[in-house]
Amino acid sequence: MAEAPKNQIPGVYHRKIGDITVTAISDGYLDGDLTVMRNVDLDKAHAILAAAFRPARRTSVNTFLIYSKGRLALVDTGSGDYLQPTAGWVIRNLRAAGVDPSQIDTVLLTHMHPDHSAGLTDMKTGKLFYPNAELVMHENEPKHWFDDAEMAKGGEREKKLYFQAGREQVAPYKSRWKLFSGGEVFPGVTAVPSTGHTPGHTGYLIASGKEQLMIWGDTVHVPEVQAAIPEAGMGFDTDLAAAAASRKRMFDRVATDKVLIAGMHLHFPSFCHLAREGNAYRIYPEAWMHQF
Ligand SMILES: [Zn+2]
């Protein structure tokens, strides 16, 4: 008798960019509603999601390995045990991809929010999940999230989940921080600061030969809605107006140059293109490939 499977296959997907291999590693997903959205008519947002057959709001959380010149980086670390049991799967999926976390020599953060940084350190033991990694991020991230005056302005959830969780996760790496304001941060990887969602929010452009991939971080959280309505933001954007301006700049750049994109909250495995549609945009997932 054939037994039906009980577990999903691992969330791992490889994509070659010239000589560089990028592997999407799923952290899982987070369920929520649309009341966290700002600058958007919620009825309209619901209609867009319903038309796309999407539950409101199921947000993929993705991280990416980068194999370049014999080195191995991980972009973001997922949410550890801080958020929902449907997320926090990065270590399991890394192992399924044949990677031991000790092999990773660099962790690049797009920003310090808990769905990106809370997989750095074991919250129960304080042990580093990536004992051999340098922690590389924009200088404005620790500057903001370690600032007590900024923390005092936040509500309870923000203080606990953004400031305190971020500090707990990032501080154990302090002797190995490498802070940047821009430029090449890993072989073939250039930082593309995209401020607003957080003060040091950064995308990473991967380039090798004629190929490019823009890992655009949290440019979108609800892909269908924000592609159609680029000014629509999130209540947890540090600066809503700056985040919208950065999103529009990023949209314009990748649509004009037809650059392949990947993102932390594009639906797994997240490799897509963005195309103009009237005054807005539409996201087209790339076809799956078993050869890469
Ligand atoms: Zn995020």
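**View 1. Sequence spacing and geometry of the zinc site.** Read along the chain, the residues that donate to the zinc ion follow the pattern D-H-x101-D-x46-H. This is a predicted model, and in it the ion is held by Asp 115 (OD), His 116 (NE2), Asp 218 (OD) and His 265 (NE2), at 2.1 to 2.2 Å. What angles do the four donor atoms subtend around the zinc ion? They run from 85 to 178°, which makes the arrangement irregular. For reference, four tetrahedral donors would ideally sit at 109.5 degrees. Asp 115 and His 116 are both buried.

**View 2. Helix H6, with a kink.** Still, H6 has a kink of about 30°, centred on Gln 164. Buried residues here include Leu 161, Tyr 162 and Phe 163, as well as Ala 165, Gly 166 and Arg 167. Their packing partners are helices H3 (114-117), H4 (140-145) and H5 (148-152), plus strands E7 (134-138) and E8 (177-180).

**View 3. The largest nonpolar core.** Which of its 27 residues touch the most other members? Those are Ile 104, Tyr 130 and Leu 135. Strand E5 (71-75), helix H2 (90-96), E7 and H6 each give two or more residues to this core, and H6 supplies the largest share, five residues. Leaving aside residues up to four places away in sequence, Ile 104 touches Leu 72, Leu 94 and Tyr 130, among others. There is also a second, separate core, with 24 residues, including Phe 64, Ile 66, Ala 73 and Phe 180.

**View 4. Two cis peptide bonds.** Most peptide bonds are trans, but here are two to check. One joins Ala 56 and Arg 57, with omega about -25°; Arg 57 sits in the loop between helix H1 (42-51) and strand E4 (58-68). Another joins Phe 268 and Pro 269, where omega is about 0°. Pro 269 belongs to the loop between strands E14 (260-262) and E15 (272-277).

**View 5. Positive phi at Asp 76 and Lys 258.** Asp 76 is not a glycine, yet its phi is positive at about 70°. This residue is in the loop between E5 and H2. Lys 258, also not a glycine, has a positive phi of about 55°, and its loop runs between helix H8 (240-256) and E14. Buried or exposed? Asp 76 is buried, with a relative accessible area of 0%, whereas Lys 258 is exposed at 64%.

How values were computed: Residues numbered from 1 in each chain as written. Predicted model: local features only at pLDDT ≥ 70, side-chain atom pairs only at ≥ 80, totals over all residues. Heavy atoms only, no water. Bend = angle between axes of the 7 residues up to and from the residue. Helix = DSSP H or I, 4+ residues; strand = E, 2+ residues; numbered from the N terminus. Buried < 20%, exposed > 50% of the residue type's maximum accessible area, 1.4 Å probe, protein only. Contact = heavy atoms within 4.5 Å. Donors = N, O, S within 2.8 Å, 3.2 Å for Na, K, Ca; no water. Tetrahedral: all angles 85-135°; square planar, octahedral: opposite > 155°, others 65-115°. Core = buried A, V, L, I, M, F, W, Y, C linked by side-chain atoms within 4.5 Å.
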